[in-house]
Amino acid sequence: MKRREFMALVGASAVAWPASAPAQQPGKSQDEGHVVSYVPDYVATREHSGPPTGQVNLRHHGGWLRVDGQRSSSFEGPGRQVGFTRALDGHRYDSLDIRQEIVPSWTRPESVKTGKLETYLGETCTIFDLVSPADPIGRRGMFLRDCITHDGIRMAHGWAAEDGGIMQPPQWRLTSLTRTAVPEEETSPPAELFDWRNFTAFAAPTPSSEAATEPDFVAIMDGRYASSAGVRYRKRHFPWLRTDTKFANGAWIIEIVNERNHAALRFDATARGAFESLSSRGPQILTQDSGSAAGSVAEQKGVIVKLGTLLGQECKITTDMRSERIRTEWRTADGIVLKEEEAGGRAYNPEDWTVVELQRRPVELSEVMPPADIFERARWGLSR
């Protein structure tokens, strides 16, 4: 499963991240053309005009902001974000997102102070334009604005208005604000988030062997993504399918998917081995166009199905042209993908992978579960 497919899979239940602020150091915020040395502790209520509409509660301490909705929460700190949604029973979690900022600062929007002042909740705040990085011919876009108090508290965020302010109603604004002491532990991600067994995705019972419709197997695939060569290791313990992709430059991707209920996990590490992102989702209901058409019984509009032989095995060759990015799979009669190719789209980045070694053998459940080290807090720079 590729990033495009994974994001389509998880999009319906993804945590709604608040609009990003400029990069900040702990306890610091940009305002008045210089760095505010200390952003005070505070509690607040933020109202979103949509979509989606609603209110969330904020708690800030030491550069960390906690945002609590009805079933979702996020923690935003220096260079990282952690978000999750709670399961309906309140005892487990449906989703988890961790992002560690490893991109260069020049790729982020720049916060540029203007001379415009506005007032929210009786607080005077300064308008800052969020200016995008320059494109290849030097153009820079500005569509969004923040209104920030003298001590670094963001009062409102929204689209740019012609008068230099924020278009009304803002995307969000504070409807209450109290500067007061907040305990550090209240702005720290809870410890149980870092135990994958607490997520509904991996708490679901595994079907018995009699219920299995596709065989367990172990495969090694050689291939490339854009200009990066790599090796893909794939294992299935039905219904779990785990894919580890390791590139020559050191980058590493783990994708684990439940082929029955579409629960999924994705982990990315950079070429230097730094942890970049981790996403986990519970069971999903997919529309017909959400996933690959490779397993379809009948041809559909925009889907071409042929028969062929690869590595001495009869395969169904499915080419899905329903989106900008065209995908082709060679799949055996018992559901093993021997070759996959993708090309096209806004970022061309051709990709192809071909099995060079295949064993149909029993695979232990432990072989397809997430490695423990990707859930270590310290590896994500979370010391608190």
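Let's start with Asn 258. In this predicted model, Asn 258 touches Pro 239, Trp 240 and Ala 263, leaving aside residues up to four places away in sequence. Where is Asn 258 found? Asn 258 belongs to strand S17. Is Asn 258 buried or exposed? The relative accessibility of Asn 258 is 4%, so with the cut-off for buried at under 20%, Asn 258 counts as buried. From Asn 258, the side chain reaches the backbone nitrogen of Arg 260 at 2.9 Å.

A pair of aromatic rings is described by two things: the distance of the centres and the angle of the planes. How many aromatic pairs does the count come to? The count is ten. One of them is Trp 252 with Phe 267. Their centres are 5.3 Å apart, with 80° between the planes, and the pair is edge-to-face. Why does this pair tie parts of the chain together? Trp 252 lies in strand S17, residues 252–258, and Phe 267 lies in strand S18, residues 264–269, so the pair ties together parts that are 15 residues apart in sequence.

Phe 267 has another ring partner, Phe 275. Here the centres are 4.9 Å apart and the planes stand at 80°. Planes over 60 degrees apart count as edge-to-face, so this pair is edge-to-face. What about burial? Phe 267 has a relative accessible area of 0%, so Phe 267 is buried. Phe 275 is buried as well.

Back to Trp 252 for a moment. What sits over the ring of Trp 252? The charged end of Lys 246 does, 5.2 Å from the ring centre. Trp 353 also has a charge over its face. There the residue is Arg 232, at 4.3 Å from the ring centre. Remember Arg 232, please. One more aromatic group before we leave rings. Phe 75, Phe 84, Tyr 93 and Phe 199 form one aromatic cluster.

Next, strands. Find strand S23, residues 337–344. How many of the eight residues in S23 are buried? Six are, and S23 is mostly covered. Now look at the strands that pair with S23. Strand S22, residues 325–332, runs antiparallel to S23, and seven bridges join the two. S22 and S23 form a hairpin, with four residues between them. In the turn, Gly 335 has a positive phi of about 85°.

S23 also pairs with strand S24, residues 351–359. Four bridges join S23 to S24, and these strands run antiparallel. Which residue in S24 is the bridge partner of Lys 339? The partner is Thr 354.

Last topic: salt bridges. A search of the whole structure finds 32 salt bridges. Take Asp 68 and Arg 86. Their closest N and O atoms are 3.8 Å apart, and the two residues form a salt bridge. Asp 68 lies in strand S5, residues 64–68, and Arg 86 in strand S7, residues 80–86, so the pair ties together parts that are 18 residues apart in sequence. Arg 86 is partly exposed, at 23%.

Now return to the hairpin of S22 and S23. The side chains of Arg 327 and Glu 340 meet in a salt bridge, 2.7 Å from N to O. Arg 327 is in strand S22 and Glu 340 in strand S23, 13 residues apart, and the pair links distant parts of the chain. Arg 327 counts as buried at 6% relative accessibility. Glu 340 counts as buried at 3%.

Arg 327 also forms a salt bridge with Glu 342, the closest N and O atoms being 3.0 Å apart. Glu 342 is in strand S23, 15 residues from Arg 327 in S22. Both Glu 342 and Arg 327 are buried.

Which residues do salt bridges with shared partners join into one network? They are Arg 232, Arg 234, Arg 325, Arg 327, Glu 329, Arg 331, Glu 340, Glu 342 and Glu 351. And there is Arg 232 again, the residue that lies over the face of Trp 353.

Conventions:
Residues numbered from 1 in each chain as written. Predicted model: local features only at pLDDT ≥ 70, side-chain atom pairs only at ≥ 80, totals over all residues. Heavy atoms only, no water. Phe/Tyr/Trp six-rings, centres within 6.5 Å; stacked < 30°, edge-to-face > 60°. Buried < 20%, exposed > 50% of the residue type's maximum accessible area, 1.4 Å probe, protein only. Lys NZ or Arg CZ within 6 Å of the ring centre and 35° of its normal. Pairing = 2+ DSSP bridges. Polar contact = N/O pair within 3.5 Å; in protein donor to acceptor, adjacent residues only side chain to side chain. Contact = heavy atoms within 4.5 Å. Salt bridge = Lys/Arg side-chain N within 4 Å of Asp/Glu carboxyl O.
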